[in-house]
Amino acid sequence: MRRAVTAFRNRAEAANSLDFLRSSLPAVREELEAAENELNQYQIGAESVDISAEAEMLLTQMVELETRISEREMERASIAQRFQPTHPRFQAWQTQMTDLRQRRGRLEQQVAALPRTQQDLVRLQRSVKVSNEIYLQMLSRIQQLEVAKAGTLGSVRIIDGAVTNTVAPVS
């Protein structure tokens, strides 16, 4: 009985998460396309297609950091559903987010020290890469949830327990 209830909850959580991701996916795709268009327009206008090694390193670090931040943001909904803000797991999430945001601030300061065209190019490329990573994460998560939803039990309930007749057994 307990396993059926847990399976039902898991199925419901998967369905809710799928609905959320599917409704958010078009907006993320639009952001990705807008970021790509903005980068292309900037490169055409500035006649710039290459960034320095330092800017490339900062870009890679920023994309990785932004990806981790977006992963944590997606976790927030499930953590907030299950835990109160005073719970250690919720507080650990908040501490991680604070640390990630501080690291992002330090990287943004390093980018600010670059020449203006490099700053713009890094900002635009970061936007494209981060949007692409988020989009791909969401697609992956949708596939995982669809598999989880398909693999869980249906909404079955036990109404009455089985009755055994030991006096006149059935063949």
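Ser70 sits in helix 2, where a helix is a DSSP run of H or I at least four residues long, numbered from the N terminus, as a strand is a run of E of at least two. Is Ser70 buried or exposed? Ser70 has 12% relative accessibility, so it counts as buried; that label means under 20% relative accessible area, while exposed means over 50% and partly exposed is in between, using a 1.4 Å probe and protein chains only. Leaving out neighbours within four places in sequence, Ser70 touches Ile134 and Gln137, with a contact meaning heavy atoms within 4.5 Å.

A quick note on where this comes from: the model is predicted, with local features needing pLDDT of at least 70 and side-chain atom pairs counting only at pLDDT 80 or more, while totals for chains, interfaces and linings use all residues. Residues are numbered from 1 along each chain as its sequence is written, and side-chain values use heavy atoms, leaving out hydrogens and water.

**The overall build**

Zoom out, and the chain has four helices and zero strands. Reading from the N terminus, the order is simply α-α-α-α. The chain has 171 residues, and 29% of them count as buried. Now take the contacts between residues at least 6 apart in sequence: 84% of them join residues at least 24 apart.

Helix 2 has 30 residues and spans 44 Å from its first C-alpha to its last, close to the expected 44 Å. The expected span is 1.5 Å times one less than the number of residues. Where does helix 2 bend? The bend is at Arg76, by about 30°, taken as the angle between axes fitted to the seven residues ending there and the seven starting there. The buried residues of helix 2 include Leu58, Leu59, Met62, Val63, Leu65, Glu66 and Ile69, along with Ser70. An α-helix has 3.6 residues a turn, so residues three or four places apart point the same way.

Helix 3 covers residues 88–112, with 25 residues. From first C-alpha to last, helix 3 reaches 36 Å, close to the 36 Å expected. Its buried residues are Phe90, Trp93, Met97, Leu100, Leu107 and Val111.

**Residues that link helices**

Arg126 belongs to helix 4. Beyond its neighbours within four places in sequence, Arg126 is in contact with Leu59, Met62, Val63, Glu66 and Glu108. Glu108 is part of helix 3, and apart from neighbours within four places, Glu108 contacts Met62 and Arg126. Glu108 and Leu59 are 49 residues apart in sequence, yet their C-alpha atoms are 10.0 Å apart in space.

Helix 1 has its own examples. Phe20 is in helix 1, and 122 residues of sequence separate Phe20 from Ile142, with 9.7 Å between their C-alpha atoms. Asn37 is in helix 1 too. Between Asn37 and Val128, 91 residues apart along the chain, the C-alpha distance is 9.1 Å.

| Residue | Relative accessible area | Class |
|---|---|---|
| Arg126 | 19% | buried |
| Glu108 | 39% | partly exposed |
| Asn37 | 48% | partly exposed |
| Phe20 | 52% | exposed |

**Two pockets**

On a 1 Å grid over the protein atoms alone, a pocket is an open set of points where a 1.4 Å probe fits, with protein on both sides within 12 Å along at least five of seven lines; lining residues have an atom within 4 Å of a point. A volume is the space filled by probe spheres set on the points, which are joined across faces, edges and corners.

The largest pocket holds about 710 Å³ of space. Its lining has 23 residues, with Ser17, Met74, Ser78, Arg141 and Leu145 nearest the centre. Helix 1 (2–46), helix 2 (53–82) and helix 4 (116–151) each give two or more residues to that lining. Which helix gives the largest share? Helix 2 does, with eight residues.

The second largest pocket holds about 270 Å³. Of its 15 lining residues, Val28, Glu31, Ser70, Val130 and Ile134 are closest to the centre, which brings us back to Ser70. Helix 1, helix 2 and helix 4 each supply at least two lining residues here. For this second largest pocket, the largest share is six residues, from helix 4.
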